Amino acid sequence: MRKMAVIGLGHVGATVAYTLVSQGIADELVLIDTNEKKVVAEKLDFEDAMPRLPYHVEIKTQDYAELKDVDVIITAFGDIDASVRTGNRFAEFEINTKNAVEVGKKIKKSGFSGVIIDISNPCDAVTSILQETTGLPRNQVLGTGTFLDTARMQHVVGDALGQDGRNVEGFVLGEHGNSQFVAWSTVRVNNKPITEFFTEEELEELGKKPAEGGFKVANGKGYTSYAIATCGVKLAQAVLSNAHFFGPVSTYVEEVGTYVGYPAIVGAKGVEKVVPLVLTDEEKAKLEQSANYIKEHLDSLK
């Protein structure tokens with residue numbers, strides 16, 4: 001039995017839950033939110049859909065004790081309006097650090113011993129707080145981090161070349177936020193270095209687009225949902241199936257001393273291994289700068 005939980009049923013959390021139900025990824029699903037009326041409504045809506053779906057999912061609500069034997073928790077609490085208004089995911093820092101501590105304590109009390117995948121922003125900082133508060137090993141608490149930003153990079157590079165984004169490989173590293181950067185030295189298209197296709201000036205312009213992508217979506221419809229939910233679910237599937245999936249996530253990187261977007265292998269116990277990259281000196285400096293930005297905010301809580 002695959003048992004999962006979603007904590008926070010806003011636009012993203014509800015999309016995650018719908019994906020888990022409609023694709024039969026979970027056999028049991030626990031839904032938790034501070035707005036009980038919303039949770040009850042989502043549960044009823046899913047149950048109304050099930051007679052027309054090829055899967056049955058047992059749905060439970062508002063009970064942290066149910067987390068004890070859950071395999072994967074996806075956290076998606078937050079205030080997206082704050083990020084959209086400011087164009088900065090750290091606008092949610094004050095409210096979501098409090099949320100992370102409150103939720104983390106309840107998760108710990110439940111006896112949960114599975115894997116947490118955090119979507120809540122600022123993703124790297126919130127993931128760090130959830131790990132500290134729950135007391136779980138670092139490998140069992142990860143965030144979507146730059147997994148989505150890397151997909152956005154693949155999208156914009158693919159579009160620029162008339163290619164499917166899946167033909168583009170490489171990484172966006174650092175904070176899931178404004179200090180992120182494309183590590184162009186890692187990027188290849190159809191196994192050819194990106195420098196064979198673009199000049200340095202063109203890469204500089206392309207490199208701005210992944211960070212801007214989320215705010216373009218949010219400014220258009222008021223929030224983001226499908227892409228980030230897809231990323232969270234894909235990582236959850238990697239845990240459930242022990243896929244040994246290789247991709248960028250928010251994970252603790254010893255070299256920079258914090259959670260940050262960086263490639264890792266994800267399996268049944270979360271992050272199995274952080275995979276070192278050979279970066280240019282400029283990219284190393286950008287990663288350090290981005291990590292310091294995250295650490296400065298976390299240090300302000302002490």
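I started at asparagine 191, which lies in the loop between E8 and E9; helices (H or I, at least four residues) and strands (E, at least two) are DSSP runs, numbered from the N terminus. Phi of asparagine 191 is near 70°, a positive value in a residue other than glycine.

I noted the basis of the model before going on. The model is predicted, so I kept to its conditions: local features need pLDDT of at least 70, side-chain atom pairs count only at pLDDT 80 or more, and totals for chains, interfaces and linings use all residues. Residues are numbered from 1 along each chain as its sequence is written, and side-chain values use heavy atoms, with hydrogens and water left out.

E7 and strand E8 (residues 181–189) run antiparallel and are joined by five bridges.

**Parallel pair.** I then went to strand E2 (residues 28–32) and strand E3 (residues 58–61), which run parallel and share four bridges. Valine 30 has lysine 60 as its bridge partner in E3. Between E2 and E3 the chain passes through helix H2 (residues 36–49), and this β-α-β crossover is right-handed (with the strands pointing away from the viewer, the path from the first strand over the helix to the second runs clockwise).

**Helix H1 and its neighbours.** I checked H1 against H2. Their axes come within 11 Å and cross at roughly 25°. H1 and H2 are therefore roughly parallel to each other (under 35 degrees; over 145 is roughly antiparallel, 65 to 115 roughly perpendicular and the rest oblique). The crossing is right-handed, that is, the near helix is turned clockwise from the far one by less than a right angle. Ala14, Ala17, Tyr18 and Val21 of H1 meet Lys38, Glu42 and Phe46 of H2. By class I have five nonpolar, no polar and two charged residues in this contact; Ala, Val, Leu, Ile, Met, Phe, Trp, Tyr, Cys and Pro count as nonpolar, Asp, Glu, Lys and Arg as charged, and the others, Gly among them, as polar.

Next I took helix H1 (residues 11–22) with helix H9 (residues 226–240): the angle is about 55° and the axes are 9 Å apart. H1 and H9 are therefore oblique to each other. This crossing is right-handed. H1 contributes Val12, Thr15, Val16, Thr19 and Leu20, and H9 contributes Tyr226, Ile228, Ala229 and Val233. The classes are seven nonpolar, two polar and no charged residues.

Strand E11 (residues 258–267) and strand E12 (residues 270–274) pair in the antiparallel sense over four bridges. A hairpin of two residues joins E11 to E12, and valine 266 stands opposite valine 271 in E12. Last, I found a cis peptide bond from asparagine 121 to proline 122, with omega near -10°. Proline 122 lies in the loop between strand E5 (115–118) and helix H5 (123–134).

Note on methods. Pairing = 2+ DSSP bridges. Axes fitted to C-alpha atoms, helices over the stretch in contact; angles between N-to-C directions. Contact = heavy atoms within 4.5 Å.
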